[in-house]
Amino acid sequence: EVDAKGIVLTLGEQTAQAACGRHVLAIQDSSELNFSTTLQRRRGLGEIGKGVGRGIVLHAMLALDAQDGTCLGLVAGRIWTRQGRRTTAHDDRPLHDRESQRWLSTAEAGKRVLADAASVTVIADRESDIYAEWASLPGPNFHLITRVMHDRTLADGSMLHAAGERMQAADAALIQLPARNPQRPARAAKVTLRFGPVSLRRPQSRFLRDLPARVALNLVEVVEANPPQGAEPIHWRLLTTHAVGDASAAWRIVHWYKMRWTIEQLFRVLKTQGLRIEDSQVESADRLIKLVAIAAKAAAITIQHLQARDG
């Protein structure tokens with residue numbers, strides 16, 4: 001009997017062929033799938049959100065061609081349901097004993113699956129801003145772009161946010177933002193670009209002592225000074241292992257980060273705008289996990305068909 005892990009491995013094998021020789025954007029993110037339950041019918045599902053729902057967590061990596069955004073398929077991932085609450089505080093557990101380990105393990109899996117790609121850039125949002133990721137994942141032709149979550153201490157003792165604010169504006173442009181939801185429709189944003197090198201200092205955690213004491217990266221910031229009334233202003237702080245020597249290279253990082261939106265579309269197709277996986281009445285968590293694995297593949301294929309339709 002094939003399990004969900006086996007299904008995900010098969011997906012990666014298929015995508016590896018499509019990725020051969022390309023620069024691949026390997027976009028990873030997580031989504032919680034909420035299945036209706038009652039006290040008498042938990043279906044073996046664990047807590048999600050703030051504990052008010054029951055469901056499954058899907059963490060997926062989706063491959064795109066960096067040049068034109070073509071969806072190449074799913075690369076790797078993990079699907080699970082939480083088994084009770086942890087009693088040990090998050091900061092008192094090593095990384096391998098935290099859910100956040102998924103960001104590193106999925107990137108490592110992507111490194112293996114996409115070994116024949118010309119180069120790989122792993123892209124993720126703020127939850128992936130983990131020092132161990134910066135210190136251990138990058139390699140030849142294997143890069144990272146992650147939106148900053150933490151105002152980190154730099155090697156010289158200053159702070160990351162302040163370092164970005166000291167950088168000179170290098171350019172300005174009007175960028176198009178896709179719709180996120182009815183409250184955040186598509187719009188254009190006039191933004192200022194700044195960039196420069198930074199060196200992160202290793203955090204003071206006993207679990208990180210084996211990692212390098214500092215990591216050299218580049219910071220790219222996009223700031224919207226005057227957003228429309230009622231709109232949340234854009235302020236993206238992006239850290240990357242890519243060289244950023246001029247404004248053109250910095251805009252390229254911004255462009256690749258914006259393509260992260262495609263994985264949000266994958267989750268929407270899986271849930272509200274397509275397969276409606278959360279309506280499933282399958283009776284057990286084990287079978288629901290398999291169903292999610294199969295549906296994730298179907299959602300990726302749907303995106304490929306939509307791209308083909310749109311040329």
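Rings of Phe, Tyr and Trp (its six-membered ring) count as a pair if their centres lie within 6.5 Å; planes under 30 degrees apart are stacked, over 60 edge-to-face, and the rest tilted.

**Before I start.** This is a predicted model, where local features need pLDDT of at least 70, side-chain atom pairs count only at pLDDT 80 or more, and totals for chains, interfaces and linings use all residues. Residues are numbered from 1 along each chain as its sequence is written, and side-chain values use heavy atoms, with hydrogens and water left out.

**Rings.** I looked for aromatic pairs and found 1. It is Trp-236 with Tyr-257, edge-to-face, at 5.3 Å centre to centre and 65 degrees between the planes. I noted both values because a pair of aromatic rings is described by the distance of the centres and the angle of the planes. Trp-236 is in strand β10 (residues 235–240) and Tyr-257 in helix α5 (residues 247–258), so the pair links distant parts of the chain, 21 residues apart. For the names: helices (H or I, at least four residues) and strands (E, at least two) are DSSP runs, numbered from the N terminus. Are Trp-236 and Tyr-257 buried or exposed? Both are buried, which means under 20% relative accessible area; exposed is over 50% and partly exposed is in between (1.4 Å probe, protein chains only).

**Charges over rings.** Next I checked for a charge over a ring (NZ of Lys or CZ of Arg within 6 Å of the ring centre and within 35 degrees of the ring normal). Arg-78 has its charged end over the ring of Trp-80, 4.1 Å from the centre. Lys-111 lies over the face of Phe-142, 4.7 Å from the ring centre.

**Holes inside.** I used a 1 Å grid over the protein atoms alone: a cavity is a set of points where a 1.4 Å probe fits but cannot get out, a pocket is an open set with protein on both sides within 12 Å along at least five of seven lines, and lining residues have an atom within 4 Å of a point. Points are joined across faces, edges and corners, and a volume is the space filled by probe spheres set on the points. How many cavities of 30 Å³ or more does the whole structure hold? The search gave me 2.

The largest cavity has about 70 Å³ of space. Arg-78 turns up again in its lining, where I also see Val-8, His-59 and Ala-293, among others. Strand β4 (71–80) gives the most to this lining, 5 residues. By class I get 9 nonpolar, 2 polar and 1 charged. (Ala, Val, Leu, Ile, Met, Phe, Trp, Tyr, Cys and Pro are nonpolar; Asp, Glu, Lys and Arg are charged; the others, Gly among them, are polar.)

The second largest cavity has about 60 Å³. The classes are 5 nonpolar, no polar and 3 charged.

I then looked up the second largest pocket, with about 540 Å³ of space. It has 20 lining residues, and the closest to its centre are Leu-177, Arg-180, Arg-184, Glu-232 and Ile-234. I sorted the lining into 8 nonpolar, 3 polar and 9 charged.

Asn-141 has a positive phi, about 60 degrees, though it isn't a glycine. It lies in the loop between α3 (131–136) and β6 (142–147). Arg-276 isn't a glycine either, and its phi is positive at about 50 degrees.
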